[in-house]
Amino acid sequence: MSSALWIGTTGLTASSKQMDVIGNNLANSNTLGFKAGNTYFASMLNQSLSGGAGGTMQIGQGVAISQVATRFDQGSFESTGSALDLAVDGEGFFIVEDQEGAQYFTRAGAFHINTDGYLVDMNNFRVQGFNFSVPGQEDQETDISLKNVQSVPRATTEIGVGANLNDAAAAGEKFNVIQTVFDSKGQAHNLGIRFMKTEGNGMWGFDATLDGTSAVTGMAANGLKFDGNGILEKMYTSALDSLAGSGSGTVTATVNRAGQLYKTAAGLELTRRATDQAWEITDKGGYANASITSASADAVSIDLDGVGGADITFNLAGAWAENDTISFGITVTESDVSDIPMTFGALANGATIGATTGGSNQINWNIAGTDAPTITGYANTSVIKSLTDDGYSSGVLKSLSVGKDGIINGYFTNGQSAELGQIMMAAFPDMSGLKKDGNYFVETVASGEPIKNRANSSGLGEIKSNYLEISNTDVAREFINMITAQRAYQANAKVITTADTLLSVLMDIKR
């Protein structure tokens, strides 16, 4: 009978331990990433009794806790406002490392960037993964660091212009397109393309400047030609030829606006009159509105359409007399539309812009590619529809996002984005063998070595950004377990009190 006392005591002890587990589960019902425990009981060694009709008989000696096992079922997700709050949807653990290099495994993904630039958890343990922005660490497990991450500048190598040039515009009307381009140091420059309507049907000349002063040279074309439907069909290049003077003076020419030379012509002529420094266009060569814009002893300028300013300047040297002439021709070569390279001189800050070839800087104007913005010549208001530029300035990190594969994407103030790193995850051959250490799990011999890999691969779960996994404690289930534990405790206490009563009766026999 005395055995009943000890058996009841084991029941009290076991039920008390079960209550401890239940209490711990409920206490951590709001703990991030917490995995609840289950209590498992086992009967203790049986006592064998001899004799009886059935031979040997056994009486159990009570109960003991055989195992407190962790439940690794998925916890619910809680939405948050931070991109670095992460939850694992499926199998696996985040890997974190303390200051001594010891590794821990957790489902609590409340991470942030600390003052040293490392991705850490609430205990300042560093999250493990790959650093894409550090050479040599793209596939090397290490602390994830975002310190000094920035977007380096990129020099503009190609631009595009989407626009409509008003076919109903009067000859000489200008339309300016200015866009920002960047050099190799990230400094911004203004690239201006000026379109000017010619007298030619559907023809617009153009020229370009950088920062308003440096002329762009080496243009493969200096004008655009649109068909009867306003579709860009050709581009043209103009040049002077057969330049000559009839007197004893000498003449050279500077073409100021090659795009205004839209018509091939021969025999254009300027004649000097009796009045000092007076010139007259005596043969316009088909440019009906050509006029003199200025004249001096050193130079004379003409405007081919009479409204756009000086298109050609003739530089004079030596003695010029009355009736001396300047004759020249204009050659216009049309070609199929193709990309237009624009060549620049050296920049004042020593940087380069575009593709550097032979000491010159060159930007490609994408006008003919399948991805080129469209330029049209409709009889409607001239307007810019789009501008493209593949360059950008330097930028600092503005925000982050994390993909389901754990890749950390950075977004910078210059509008660029880049993959900065990737979070690693780990699984174990036997998760039940893991040891709990606070809100972490620790590898043991029973668990086996961690199997590390990238998220959303090799059976590992995917990462959900802006979410946290809350405790998987089932409060209703724990309350039911609490009731059963309470009843078991009461029943075992009753065994003890009943056994005590029976022993008291036995002691009273002597009376």
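1. Asn-466 is partly exposed, with a relative accessible area of 27%. In this scale, buried means under 20% relative accessible area, exposed means over 50%, and partly exposed lies in between (1.4 Å probe, protein chains only). The model is predicted, so local features need pLDDT of at least 70 and side-chain atom pairs count only at pLDDT 80 or more, whereas totals for chains, interfaces and linings use all residues. Residues are numbered from 1 along each chain as its sequence is written, and side-chain values use heavy atoms, with hydrogens and water left out.

2. Two asparagines deserve a check of their backbone. Asn-466 has a phi near 70°, a positive value in a residue other than glycine, and is placed in the loop between S40 and strand S41 (467-469). Strands are DSSP runs (E, at least two residues) and helices likewise (H or I, at least four), numbered from the N terminus. Asn-456 also has a positive phi, near 60°, and is not glycine. Asn-456 belongs to the loop between strand S39 (451-454) and strand S40 (462-465), and its relative accessibility of 38% makes it partly exposed.

3. Aromatic contacts come next. Rings of Phe, Tyr and Trp (the six-membered ring of Trp) pair if their centres lie within 6.5 Å; planes under 30 degrees apart count as stacked, over 60 as edge-to-face and the rest as tilted. By this rule there are 16 aromatic pairs. Phe-195 and Trp-365 make an edge-to-face pair, at 6.3 Å centre to centre with 70° between the planes. This pair joins distant parts of the chain, since Phe-195 is in strand S17 and Trp-365 in strand S31 (residues 360-365), 170 residues apart. Phe-195 and Trp-365 are both buried.

4. Trp-365 also pairs with Phe-206, again edge-to-face, at 5.2 Å centre to centre and 75° between the planes. Because Phe-206 lies in strand S18 and Trp-365 in strand S31, the pair ties together parts that are 159 residues apart in sequence. Phe-206 and Trp-365 are both buried. Elsewhere, ring pairs link Phe-72, Phe-93, Phe-105, Phe-428 and Phe-441 into a cluster.

5. Charged groups over rings form a separate item. A charge sits over a ring if NZ of Lys or CZ of Arg is within 6 Å of the ring centre and within 35 degrees of the ring normal. Arg-126 is placed over the face of Tyr-118, 3.7 Å from the ring centre. Lys-263 is placed over the face of Tyr-287, 5.6 Å from the ring centre.

6. A nonpolar core is a set of buried Ala, Val, Leu, Ile, Met, Phe, Trp, Tyr and Cys residues joined through side-chain atoms within 4.5 Å. The largest such core holds 30 residues, and those with the most contacts inside it are Ile-159, Phe-195, Leu-224, Met-342 and Trp-365. Elements giving two or more residues to this core include strand S15 (158-164), S16, S17, S18, strand S21 (232-245) and S31. S18 contributes the most, with 4 residues.

7. Grid points are joined across faces, edges and corners, and a volume is the space filled by probe spheres set on the points. The whole structure has 2 cavities of 30 Å³ or more. The largest has a volume of about 60 Å³, and its lining includes Arg-194, Met-196, Phe-206, Asp-207 and Arg-257. S18 gives the most to this lining, with 3 residues.

8. The second largest cavity has a volume of about 40 Å³. Among the residues that line it are Phe-34, Lys-35, Lys-436, Tyr-440 and Phe-441.

9. The largest pocket has a volume of about 400 Å³. Its lining comprises 25 residues, of which Phe-206, Asp-207, Ala-208, Thr-209 and Val-216 lie nearest its centre. Strand S16 (174-182), S17 and S18 are the elements that give two or more residues to this lining.

Methods
On a 1 Å grid over the protein atoms alone, a cavity is a set of points where a 1.4 Å probe fits but cannot get out, and a pocket is an open set with protein on both sides within 12 Å along at least five of seven lines; lining residues have an atom within 4 Å of a point.
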